[in-house]
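Please look over the two-chain model below.

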Amino acid sequence: MTHPTKTASSRTTPLRVVVDLNRCQGYAQCCYAAPGAFEVRGHEILFYDPAPPRARRGEIERAVQACPVRAISLQADDGETP
Amino acid sequence: MSAAADAGIVVVGASLAGLRGAEALRRNGYAGRLTLIGNEPYRPYDRPPLSKHVLSGELAPDASELPQLVALDADWRLGHAAVGLDRVARTIRLADGAVLAYDRLLIATGAQARHWPAASGGALANIFTLRGRDDAARLRAALAQGPRRVLIVGAGLIGCEAASCCRDLGLPVTLLDPNPTPLARSLGTWIGGVIAECLKDSGVAFHPGARVLRFEGDASGRVVRADLADGRTIEADLVIVALGATRATDWLRDAGLMADAGGVTCDGACRVLAADGTTCPDIYAAGDVARWPNSLYGGRLVSVEHWGNAVAQGAHAARNMLAPAEDQHRYDHLPAFWSSQFGINIKAVGLSEGADSVAIVQGSRASRRFLAVYGRAGRSIAAVSFDQARWLPAYAEAIMAGSHHPPIRDASDQGRFATMEPGFPPPRAASHADEARHV
């Protein structure tokens, strides 16, 4: 059996983000909280970076909190790192 | 503890449904051994960006690895497809010959793209399907070579999203579909006609009512044209076959389950049914591969190939796997999907199949910004929004409640909503003989 191992590379691997776009209503609060990672195109198409750099963790966490419909998920710190 | 109990829970399928199912097992307190088996060598990744931002080159094919929302402490067997299930011995055989025991099993193997048959040109070079990360990487690389003309076969969601991306890249595109408009099966031809206008405006050559007979190649075995059933030919040096998916149940062929190319049949609580119709108390299924009686639609057996179902059913099946037999919760799910194409955000809820009426209740078709509700026999059964997403949840509630169709306006002095024929094509004759076996 292979067990995943945490290595020093976990510092350089990107964050992992996913947005439930069924839930997203296009309020665009994430775009204000983390303008480098979320962007609304056209009337209401959300484009986002699913692998933002770790240095953006603070603003991504603010985006998670700012979303009125709680559509954004960010990998938990105790989640496994590949 | 028996040997089987030591084997713990095995999840076959390491995509969205398998991942969210595994997370729910841990979240619900399961502390035993947990194994995830995936046929691809990758950790679970998100598929919707593949047909959009990966094709356009904005995201790398490996960018969309899914976040893990709880620590799984799992054994991962990635890059090893499951090829057989022995329910009596409670074992799974992998392609590399390994045999894994299970105590309880979650089937989440998803679906695979329908390929063009090799006998009519499907093996030629530069013919692509789009389902997984590797498919997207190969197709993206080929699009970046600047093909002279891209031919897309099938104007469903994937075909239309690919057409939209190819036009954004400035590539000449021809799109074929046997129906009168794009998205005819999911939205009907009246709403599908809006996308037909978008195709025209963006410069896609759309051929409705067209069927490909075969692809022809040059001396090097690379595709050069398609021969159509009506005698026309279309020159193209890159082809995307977007003809939907079949459920990944081949590995269950000898397992004695109700499984075929249309899915593996479950009861209302996500428990898999044996071929004789009895419930397998230790085997559950979730996501694209699962077919279950949906109580919101009269108990009709459905399988739902959408993101939201993978998330919800994975978690639901996991909850039931840990609960005693007398405490199995029924899975009631209102299907939903989204797509973005030609700059429009399309979102839908409900199953539109069988709709006999459609009404625009917000906005207008001409503005391409509207919310439309589908009805059947006087009840609202589905709704679609074009750039009007904030209205959708209200109508989702009305659909769950089986509300009147056409919807009733708030003010009694206003007129009724005008209804139209939705224009759904007649149901397909079972294209796969064994798909209809149990339904």
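## A loop residue in chain A

Is A:Ala28 buried, exposed or partly exposed, and why? A:Ala28 counts as partly exposed because 16 C-beta neighbours lie inside 10 Å. The cut-offs are these: 20 or more other C-beta atoms within 10 Å of a residue's own make it buried, 12 or fewer make it exposed, and anything in between is partly exposed; C-beta atoms are placed from the backbone.

A:Ala28 sits in the loop between β1 (17-19) and α1 (29-33) of chain A. Its phi is near 65 degrees, a positive value in a residue other than glycine. Helices (H or I, at least four residues) and strands (E, at least two) are DSSP runs, numbered from the N terminus.

## Model and confidence

This is a predicted model: local features need pLDDT of at least 70, side-chain atom pairs count only at pLDDT 80 or more, and totals for chains, interfaces and linings use all residues. Residues are numbered from 1 along each chain as its sequence is written, while chains are lettered from A and ligands numbered from 1 in the order in which they are written.

The mean pLDDT of chain A is 86. That score is the predictor's confidence in each residue, from 0 to 100. In chain A, 79% of residues reach 70 or more. Residues 1-9 of chain A stay under 50. For that stretch the model has eight contacts beyond four places in sequence. Two residues are in contact if their C-beta atoms, placed from the backbone, lie within 7 Å.

## The three-stranded sheet of chain B

β4, β5 and β6 of chain B form an open sheet in the order β4-β5-β6, with antiparallel pairing. Its edge strands are β4 (82-86) and β6 (99-101) of chain B, each pairing on one side only. From one strand to the next, the twist averages 25 degrees. Strands pair if DSSP finds at least two bridges between them.

Four bridges link β4(B) to β5 (residues 91-94) of chain B. Across this pair, B:Ala82 stands opposite B:Leu94. B:Arg90 lies in the loop between β4 and β5 of chain B. Its phi is near 55 degrees, again a positive value in a residue other than glycine. B:Arg90 is buried because 20 other C-beta atoms lie within 10 Å.

## The six-stranded sheet of chain B

A second open sheet has six strands in the order β24-β25-β28-β27-β26-β29 (chain B), paired antiparallel. β24 (336-341) and β29 (419-420) of chain B are the edge strands. Six bridges join β24(B) to β25 (residues 344-350) of chain B. B:Gln341 stands opposite B:Ile344 in β25(B).

The loop between α7 (392-400) and β29 of chain B holds B:Pro406. A cis peptide bond joins B:His405 to B:Pro406, with omega about 0 degrees.

## Helix α6 and the chain contact

Helix α6 (residues 307-321) of chain B has 15 residues. Of these, 15 of 15 are buried. The expected span is 1.5 Å times one less than the number of residues. That gives 21 Å, and the end C-alpha atoms of α6(B) are 21 Å apart, so the two agree.

Chain B puts 28 residues in contact with 26 residues of chain A. The elements giving two or more residues to the chain B side are β3 (75-78), α6, β24 and β25 of chain B. β24(B) gives the most, with three residues. By class, this side has 14 nonpolar, seven polar and seven charged residues. Ala, Val, Leu, Ile, Met, Phe, Trp, Tyr, Cys and Pro count as nonpolar, Asp, Glu, Lys and Arg as charged, and the others, Gly among them, as polar.

Terms used:
Axes are lines fitted to C-alpha atoms, for helices over the stretch in contact, and angles run from 0 to 180 degrees between N-to-C directions.
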